[in-house]
Amino acid sequence: MNPTSNPHSGSDPRAAVLDSRALVQGYLAQHPKLSAGALSAARHFLKWANAHDIAHKDLDASAVDRFARHRCRCGRYRLQQLRDPVYLTDVRRFHRYLEDAGIVTVPTGVERLDKYLPEFADGLRAAGYSEVTYAGRLSQARHFAEWIFQAHIPAKEITDVTIEQFSLHDCRCGIRTKRGRRVAGSGTRDRRRGALRFVNFLRDRGVINPAVSPDTPEVDPRLDGFAQWLHRERGATEETIRRYRQEAGRWVDILGKDPTHYDAATIRSIVLGQGPERTRSSLRMTVTVLRALLRFTVSQGLCAPHLLHAVPPAVRRKLSTVPRVIPAATIEDIIASSGTTTLVDLRDRAILLLLARMALRAGDVWQLRLSDIDWRAGRLRLHGKSRRGTKLPLPQDAGDALLAYIEDARPVASTDRVFLRAQAPFTPLRSSAEIAGIVARILKRGGFSHLPTGSHVFRHSLASAWLRDGADLDQIGIALRHASRDTTAIYAKVDVSMLAAVAQPWPGAAS
């Protein structure tokens, strides 16, 4: 009997048994290494289908789910077998064979994406991924392709929403390496990341139409104009523009679409209506961005200038706090604890020395390019928080660490950015926030606890050390590239013991 023929559901039980036997034999012929348990699962599934008068061509994914839930009274088969994820995986693998053989009807437009896996694997190899990462990405791509086919989703309809559904699905895909349970946390992230890379690969090859990818929200033209104004008129960096645009996008609709109808009450409500989860710094960000947006709107002649005064102030007392610092001796201990044995150690040590010796901002380190290093003159060109470029001398130990990283540890990549990820595909760090993460890892590896966190603390610490060594505020301001002397003034009271020496006794208290 031809195993690809569609059987009748069955007035003749003997014909159904013979046809089921032919299907199992064809399955074994195509997969000669099948275990006895896998063959038993296939026979069990067909016996259940015949008992319920389900034609083989109608054995879709929902039939497999019904089989998995049925109260088994199928003769020599047991109910406990249906509770075994491996047993049900074998059933779904057999169901896949029925689809591939054309016995089970597949909806029009649904195609198997696993035919693109060899080319996808070649791309992973070419990108230089490690064996572990390569195997993980390829496994998740294979899993995604199988899930898409079983869900009967046409390739042209795959979106980022589909990827999210895949990452959260309760796996019943019939893949041996997937044991039927979704792993929370990192497992979900791995699914999402692996599927997204495979989908982007398919989009690049036109298999998935980019126009059908997730709908992007309509962009408010005011935000586009605001971003251009920040860049052109205010000289803001890309990172500042991104943060301002994101903040303005939270409440720009509250103002209304017509700037000529802006009113003071609505402007005040944006600030005063902030939720309790918003911190003081978040509130100050709202005030700053709201004023900037209103200035832009006024400059376009679209709203009244007096509305600038309607923004409530977010009070921040000047010089009310003492900058957090780490003692110089502790900084030297941190530097000494940074290793040089691995490629990551070399990168992290170079970053640490640039922060500790040159008082750089995290953004300075993140944006640093190979073309910014003048080895002959021993200088770095820094772009800072504005369009003004500055050249600073490169200390010897920081230069040595930077050279060791570039020569011995930095991967070969097409980008000009200095600091790259240590694993393939060797892209630049995503943002300046990753510099703070690197500092945190250095402190944790060295066993340093109860210290101020973040990368900016090295900038504060070096400035306070300069102050104690007799440098005046103007010199410190030039070294730190402050645009205003008021910014440097915070270091005038950085040393509490120095302040105590000049403090006057409180009236009525003991001196």
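At 22% relative accessibility, Glu 434 counts as partly exposed. The model it sits in is a predicted one. Glu 434 forms a salt bridge with Arg 421, and their closest N and O atoms are 2.9 Å apart. This pair links distant parts of the chain: Glu 434 belongs to helix H17, while Arg 421 lies in the loop between H16 and H17, 13 residues apart. Arg 421 is partly exposed too, because its relative accessibility is 26%.

Side chains of opposite charge can pair when their charged atoms come close. The structure holds 25 salt bridges. Another one joins Arg 193 to Asp 190, at 2.8 Å from N to O. Both residues lie in helix H8 (residues 186-204), three residues apart, about one turn of the helix. An α-helix has 3.6 residues a turn, so residues three or four places apart point the same way. Arg 193 is partly exposed at 45% relative accessibility. Asp 190, at 29%, also counts as partly exposed.

Now look at Asp 114. Its side chain meets that of Arg 112 in a salt bridge of 3.4 Å, N to O. Is Arg 112 buried or exposed? Arg 112 counts as buried, because its relative accessibility is 16% and the cut-off for buried is under 20%. Asp 114, with a relative accessible area of 23%, is partly exposed. Arg 96, Arg 112, Asp 114 and Glu 146 are linked in a network of salt bridges.

Next come the nonpolar cores. The largest has 39 residues. Leu 354, Val 365, Leu 380, Phe 419, Ile 435 and Phe 458 touch the most other members. Among the elements that give two or more residues to this core are helix H13 (328-337), strand E2 (379-382) and helix H18 (456-468). Helix H14 gives the largest share, nine residues. Phe 419 has contacts beyond its neighbours within four places in sequence, including Arg 347, Leu 354, Val 365, Tyr 405 and Pro 428. Apart from this core lies another, of 30 residues, with Leu 34, Ile 54, Tyr 77 and Ile 103 among them.

Strand E2 also belongs to an open sheet of three strands, in the order E1-E2-E3, with antiparallel pairing. E1 (373-374) and E3 (390-393) are the edge strands, and each pairs on one side only. Two bridges join E1 to E2. Asp 374 stands opposite Arg 379 in E2.

Finally, turn to helix H9. What span should its 13 residues have? At 1.5 Å a residue, they should span 18 Å, and the end C-alpha atoms are 18 Å apart, which agrees. The buried residues of H9 include Leu 223, Phe 226 and Trp 229. The buried residues pack against helix H10 (238-255) and helix H12 (280-299). Gly 235 follows H9, with a positive phi near 65 degrees.

How values were computed. Residues are numbered from 1 along each chain as its sequence is written. This is a predicted model: local features need pLDDT of at least 70, side-chain atom pairs count only at pLDDT 80 or more; totals for chains, interfaces and linings use all residues. Side-chain values use heavy atoms; hydrogens and water are left out. Helices (H or I, at least four residues) and strands (E, at least two) are DSSP runs, numbered from the N terminus. The expected span of a helix is 1.5 Å times one less than its number of residues. Buried means under 20% relative accessible area, exposed over 50%, partly exposed in between (1.4 Å probe, protein chains only). Contact means heavy atoms within 4.5 Å. A nonpolar core is a set of buried Ala, Val, Leu, Ile, Met, Phe, Trp, Tyr and Cys residues joined through side-chain atoms within 4.5 Å. Two strands pair if DSSP finds at least two bridges between them. A salt bridge is a side-chain nitrogen of Lys or Arg within 4 Å of a carboxyl oxygen of Asp or Glu.
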